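Please open the model in a viewer and keep the sequence panel beside it.

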Amino acid sequence: MKRFGGLRKLLFLHGLATLAAAIGLTVSPGTIPAVAGIHLDPGSYLIAYLLAGAEFGLSFLSFGGCRLADARALRLIAYSCIVFHGTSVVLEAYVACGQRENTVLWINIAARIVIIALFAFFARKAAESASES
């Protein structure tokens, strides 16, 4: 169990962050978009609720993964998180290119790139550790 400690800790922290985002989007659907300069009228809250659903799912996956000891399962979960954040980076960058002055979007893109790098690093460590066994 200890050999995947870094990835399991990252999954736990990721679970907390995604749970917080999911709760925030559910309780106050316009707040997180407003931070990025996006106004959602109440008729558009469905978009925030759909994102909250994805965040709840990622949180559940992350919390479940942090209790696993199977290297293949942990890598699959890490790669799933990489895909989620990677596609988010591409789509956010597309929007941010039209809003170059929106520093919040660029900061979020940078944060997601760091998250991707961390998942890639720890997934690789898990693969190396599994091959040594």
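How many helices and how many strands does the secondary structure of the chain come to? The chain has five helices and zero strands, where helices (H or I, at least four residues) and strands (E, at least two) are DSSP runs numbered from the N terminus. This is a predicted model, in which local features need pLDDT of at least 70 and side-chain atom pairs count only at pLDDT 80 or more, while totals for chains, interfaces and linings use all residues. Residues are numbered from 1 along each chain as its sequence is written, and side-chain values use heavy atoms, with hydrogens and water left out.

**The whole chain**

Colour by element, and the order from the N terminus on reads α-α-α-α-α. Next, show contacts (heavy atoms within 4.5 Å). Among contacts in the chain with a separation of 6 or more, 71% are accounted for by residues 24 or more positions apart.

The accessible surface comes to about 7900 Å², and carbon and sulfur atoms hold 71% of it; the areas come from the Shrake-Rupley method with a 1.4 Å probe, and for residues only the protein chains shown count as cover. Of the 133 residues in the chain, 35% are buried. Buried means under 20% relative accessible area, exposed over 50%, and partly exposed in between (1.4 Å probe, protein chains only).

**The nonpolar core**

Select Phe4, Leu7, Leu11, Leu74, Ala78 and Phe119, the residues with the most contacts inside the largest nonpolar core, which has 22 residues. Such a core is a set of buried Ala, Val, Leu, Ile, Met, Phe, Trp, Tyr and Cys residues joined through side-chain atoms within 4.5 Å. The elements giving two or more residues to this core are α1, α4 and α5, and α4 gives the most, with nine residues.

Now select Ala123, in helix α5. Is Ala123 buried or exposed? Ala123 counts as buried because its relative accessibility is 0%. Not counting residues up to four places away in sequence, Ala123 touches Leu7, Arg75, Ala78 and Tyr79.

**The largest pocket**

Move to the largest pocket, with a volume of about 960 Å³. On a 1 Å grid over the protein atoms alone, a pocket is an open set of points where a 1.4 Å probe fits, with protein on both sides within 12 Å along at least five of seven lines; lining residues have an atom within 4 Å of a point. Select Ile32, Leu51, Glu92, Asn108 and Arg112, the closest to the pocket centre of its 32 lining residues. Two or more lining residues come from each of α1 (5-27), α2 (31-35), α3 (45-65), α4 (71-98) and α5 (103-132). The largest share, eight residues, is that of α5.

**Two further selections**

Select Val35 in helix α2. Val35 is exposed because its relative accessible area is 55%.

Finish at Cys66, in the loop between α3 and α4. Cys66 counts as buried, at 12% relative accessibility. Leaving aside neighbours within four places in sequence, Cys66 is in contact with Arg8, Leu11 and Phe12.

Note on methods: Grid points are joined across faces, edges and corners, and a volume is the space filled by probe spheres set on the points.
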